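Take a look at the chain below.

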Amino acid sequence: METQLNFSNEKKIHHGFDDSVKGRALYKVIFGILDEWSLSQQELSTLVNRTPTTISEWKKKESISVSKHLDMNDYQLLEFIELYKVLTNLFVFTKDRTSWLREPNEGFGNKSPLDLIKSDPRNLHTIRLLMSKIANP
């Protein structure tokens, strides 16, 4: 079964700003989440399905490039941002979002959501969908 990804913000990413502005803005968002959730660069590379070298390049340039025609790697970045958005809607406090992400959950077979995503980055989409349904029944 093929999964269709639909991001309402996709068009906004490609219109209205030049690539350097978009790249810097995306960098600030992604690395802001990294800091808030106390993720390592290695964890980030797994979550967004990019190499550690790519993450280091982003950090060095303080910019993240996204192709004109989004590919699956770009969608993984958007899924990561969408998960953050959903968790922010569900949990008022940062510590609650971070705890939920890192603590084992009975509904996930006593694994943490972070561990599930690390085991297979495609799980990010599934977890984001589930949490979206909980946030917006």
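pLDDT is the predictor's confidence in each residue, on a scale from 0 to 100. It belongs here because this is a predicted model. Over residues 9-14 the pLDDT stays under 50. The model still has 11 contacts for that stretch beyond four places in sequence. Residues 1-7 also have a pLDDT below 50. Beyond near neighbours in sequence, residues 1-7 have 9 contacts in the model. Helix α1, residues 10-14, has the lowest mean pLDDT among the elements of the protein, at 47. At the other end is α4, with the highest mean, 95. The average over the protein is 85, and 86% of the residues score at least 70.

Next, the fold. The protein has 8 helices and 0 strands. Read along the sequence, the pattern is α-α-α-α-α-α-α-α. Count the contacts in the protein with a separation of 6 or more: residues 24 or more positions apart account for 64% of them. Of the 137 residues, 37% count as buried. The protein exposes about 8400 Å², and carbon and sulfur atoms supply 53% of that area.

Now go inside. In soluble globular proteins, nonpolar side chains tend to be buried together. Here the largest nonpolar core has 28 residues. Which helices supply at least two residues each to this core? They are α2, α3, α4, α5, α6 (94-102), α7 (113-119) and α8 (123-135). The largest share, 6 residues, comes from α2.

F31 and F80 have the most contacts inside the core. Leave out residues up to four places away in sequence, and F31 touches L44, I55, W58, K59 and I64.

L77 gives another view of the interior. L77 is found in helix α5. Its relative accessibility is 1%, so L77 counts as buried. Not counting residues up to four places away, L77 touches L26, I30, V48, R50, W58 and I64. Take V48 from that list. L77 and V48 are 29 residues apart in sequence, yet their C-alpha atoms are 5.4 Å apart in space.

The aromatic rings come next. A pair of aromatic rings is described by the distance of the centres and the angle of the planes. The structure holds 5 aromatic pairs. In one of them, W37 and F80 have ring centres 5.7 Å apart and planes at 80 degrees. Planes over 60 degrees apart count as edge-to-face, so the pair of W37 and F80 is edge-to-face. This pair links distant parts of the chain. W37 is in the loop between α2 (19-36) and α3 (41-47), F80 is in helix α5 (residues 72-90), and 43 residues separate them. Are these two residues buried or exposed? W37 counts as buried, at 0% relative accessibility. F80 counts as buried too, at 1%.

W37 also pairs with Y84. Their ring centres are 5.6 Å apart and their planes are at 50 degrees, so the pair is tilted. Again distant parts of the chain are linked: W37 in the loop between α2 and α3, Y84 in helix α5, 47 residues apart. Together, W37, F80 and Y84 form one aromatic cluster.

Finally, the loops. Which residue lies in the loop between α3 and α4 (52-61)? One is N49. Phi of N49 is near 55 degrees, a positive value in a residue other than glycine. N49 has 42% relative accessibility, so N49 counts as partly exposed.

The loop between α4 and α5 holds E62. Phi of E62 is near 55 degrees, again positive in a residue other than glycine. E62 is partly exposed, with a relative accessible area of 47%. S63 is found in the loop between α4 and α5 as well. S63 is buried, with a relative accessible area of 18%. The cut-off for buried is under 20%. Which residues is S63 in contact with, leaving aside its neighbours within four places in sequence? They are G23, R24, Y27 and W58.

Conventions:
Residues numbered from 1 in each chain as written. Heavy atoms only, no water. Phe/Tyr/Trp six-rings, centres within 6.5 Å; stacked < 30°, edge-to-face > 60°. Helix = DSSP H or I, 4+ residues; strand = E, 2+ residues; numbered from the N terminus. Buried < 20%, exposed > 50% of the residue type's maximum accessible area, 1.4 Å probe, protein only. Contact = heavy atoms within 4.5 Å. Core = buried A, V, L, I, M, F, W, Y, C linked by side-chain atoms within 4.5 Å. Areas by Shrake-Rupley, 256 points an atom, 1.4 Å probe, with all protein chains shown as cover.
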